[in-house]
Amino acid sequence: MPALWIAHVTVTDAEAYGRYAELAGPAIAKHGGAFIARGGRFVQLEGCERPRNVVARFPSVDAAVACYESPEYQAALDHARGASERELMVVEISE
């Protein structure tokens, strides 16, 4: 079943995070991921607010996790560490 990769992010170093974004997009696409939302308007109804929210759709939970664990994404993630505060989860879509 398809899955959503959901990230809530506060960017603390825009330059370094920009390098992450340049590398992360191709890594996500390589693993069958497609962005549904990247930034944009949101309304926080509960919990901690993060100013950047990203949602990508993957063919499966396994594909999303494989993307995260891939050398390409980990290389991208090296730029996000220390440049952001993030929560990331993968949620299976029940269709």
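**Sheet and helix packing in a predicted model**

Modeller: Four strands form an open sheet, ordered E2-E3-E1-E4, with antiparallel pairing. Strands E2 (34-38) and E4 (84-92) are the edge strands, as each pairs on one side only. From one strand to the next the twist averages 15 degrees.

Colleague: What are these values computed from, and which residues count at which pLDDT?

Modeller: This is a predicted model, in which local features need pLDDT of at least 70 and side-chain atom pairs count only at pLDDT 80 or more, while totals for chains, interfaces and linings use all residues. Residues are numbered from 1 along each chain as its sequence is written, and side-chain values use heavy atoms, with hydrogens and water left out.

Colleague: What makes E1 and E3 a pair, and how many bridges join them?

Modeller: Two strands pair if DSSP finds at least two bridges between them. Seven bridges join E1 (residues 3-11) to E3 (residues 52-58), so the pair qualifies. Ala3 stands opposite Phe58 in E3, and Ile6 stands opposite Val55 in E3. H1 packs on the sheet and touches E1, E2, E3 and E4 (contact means heavy atoms within 4.5 Å). The direction of H1 makes about 170 degrees with that of E1.

Colleague: Over how many bridges do E1 and E4 pair, and in which sense?

Modeller: They pair over nine bridges in the antiparallel sense. Ala3 stands opposite Glu92 in E4.

Colleague: What counts as a helix or a strand here?

Modeller: Helices (H or I, at least four residues) and strands (E, at least two) are DSSP runs, numbered from the N terminus. By that count the protein chain has three helices and four strands. Their order from the N terminus on is β-α-β-β-α-α-β.

Colleague: Why is the protein chain called as compact as a globular protein of that length?

Modeller: Its radius of gyration is 13 Å, close to the 12 Å that the globule rule gives for 95 residues, so the description applies. The radius is taken over C-alpha atoms, and the rule is 2.2 Å times the number of residues to the power 0.38.

Colleague: Why is H1 called roughly antiparallel to H3?

Modeller: The axes of H1 (residues 14-30) and H3 (residues 71-80) come within 7 Å and cross at roughly 160 degrees. That angle makes H1 roughly antiparallel to H3. Angles under 35 degrees count as roughly parallel, over 145 as roughly antiparallel, 65 to 115 as roughly perpendicular and the rest as oblique. Axes are lines fitted to C-alpha atoms, for helices over the stretch in contact, and angles run from 0 to 180 degrees between N-to-C directions.

Colleague: Which residues in H1 meet H3?

Modeller: Among them are Tyr17, Tyr20, Leu23 and Ala27 in H1, while the H3 side includes Tyr73, Ala76 and Leu77.
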